[in-house]
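Here is a friendly walk through one model, with a look at its ligand site and a few backbone details. Please have the sequence at hand as you read.

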Amino acid sequence: MWDMEISYGANVADDGELRLCGDLNGKRAIELGVSSPANAVVMALQGAKAIAVDSDPKAITGLRAAAERAEVSVECHEGDLADLGFATSASVDLVVSRGSVYFWDDLNAAFRETARVLRPGGMAFIGGGFGNAELRDRIVPAMAERKPGWEDFYHANMSRETTDRLRQASSGIDGVACQVHDDDSGVWVVMKRGEIP
Ligand SMILES: C[S@@+](CC[C@H](N)C(=O)[O-])C[C@H]1O[C@@H](n2cnc3c(N)ncnc32)[C@H](O)[C@@H]1O
């Protein structure tokens, strides 16, 4: 059964509680990097014209199957999320990306492309994390033991330095306000075409 709320990750309050995304009925919403379970399907269940982008064909196949099971339609694009050429500028109300930003090669291009497609008032929530410090401190060593090289990935892509890179890449983009929220639960870039209250 689908949880009807957009998820920001396991062990983190979802959008049913946080109410960041608003009423999605009739809105155009993109998920960048398919999450599991897929937020794109949840967006479609909430009445959005949902779109998903992922470079991994398996992620797209899984998403198509999930959308079929949920009996909703999701427009799927297999490709790099730094190129949203299928969307005209200022045509999208909401962009959500959970747990994917750590893998992005070109943060500058991805953030500028996200900003380009947001319509006035449109918002993006891009980030991820472990939910809390205790879980992070348990999961990081456990993963390092299970997967060779994972600790290097963690330090390169999920540490405080990553937050600095996110801050840099999301700053100074024309027409959008950006904030980076960083705490023990994770790190999130919040972008709005217009002012963030
Ligand atoms: C690890 S998964 C996120 C799912 C995560 N486990 C969750 O549910 O929170 C990240 C996804 O982002 C996609 N991805 C990473 N970089 C990408 C890029 N530059 N363009 C498109 N998709 C990308 C990957 O293919 C993958 O499907």
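Predicted model: local features only at pLDDT ≥ 70, side-chain atom pairs only at ≥ 80, totals over all residues.

Residues are numbered from 1 along each chain as its sequence is written.

Let's start at the ligand. Around it are 20 residues, and Gly33, Ser35, Asp56, Gly99 and Ser100 come nearest; a residue is near if its C-beta atom, placed from the backbone, lies within 6 Å of the molecule. The shell has seven nonpolar, eight polar and five charged residues, where Asp, Glu, Lys and Arg count as charged, Ala, Val, Leu, Ile, Met, Phe, Trp, Tyr, Cys and Pro as nonpolar, and the others, Gly among them, as polar.

Next, the backbone. Ser36 and Pro37 are joined by a cis peptide bond with omega about -5°.

| Residue | Phi |
|---|---|
| Asn11 | near 65° |
| Arg19 | about 55° |

Arg19 is exposed because 11 other C-beta atoms lie within 10 Å, whereas Asn11 is partly exposed because it has 13 such neighbours inside 10 Å. The cut-offs are 12 or fewer for exposed, 20 or more for buried and in between for partly exposed, with C-beta atoms placed from the backbone.

Finally, Thr163 touches Val180, Asp182 and Val187, leaving aside residues up to four places away in sequence; contact means C-beta atoms, placed from the backbone, within 7 Å.

Technical notes. Contact = placed C-beta atoms within 7 Å.
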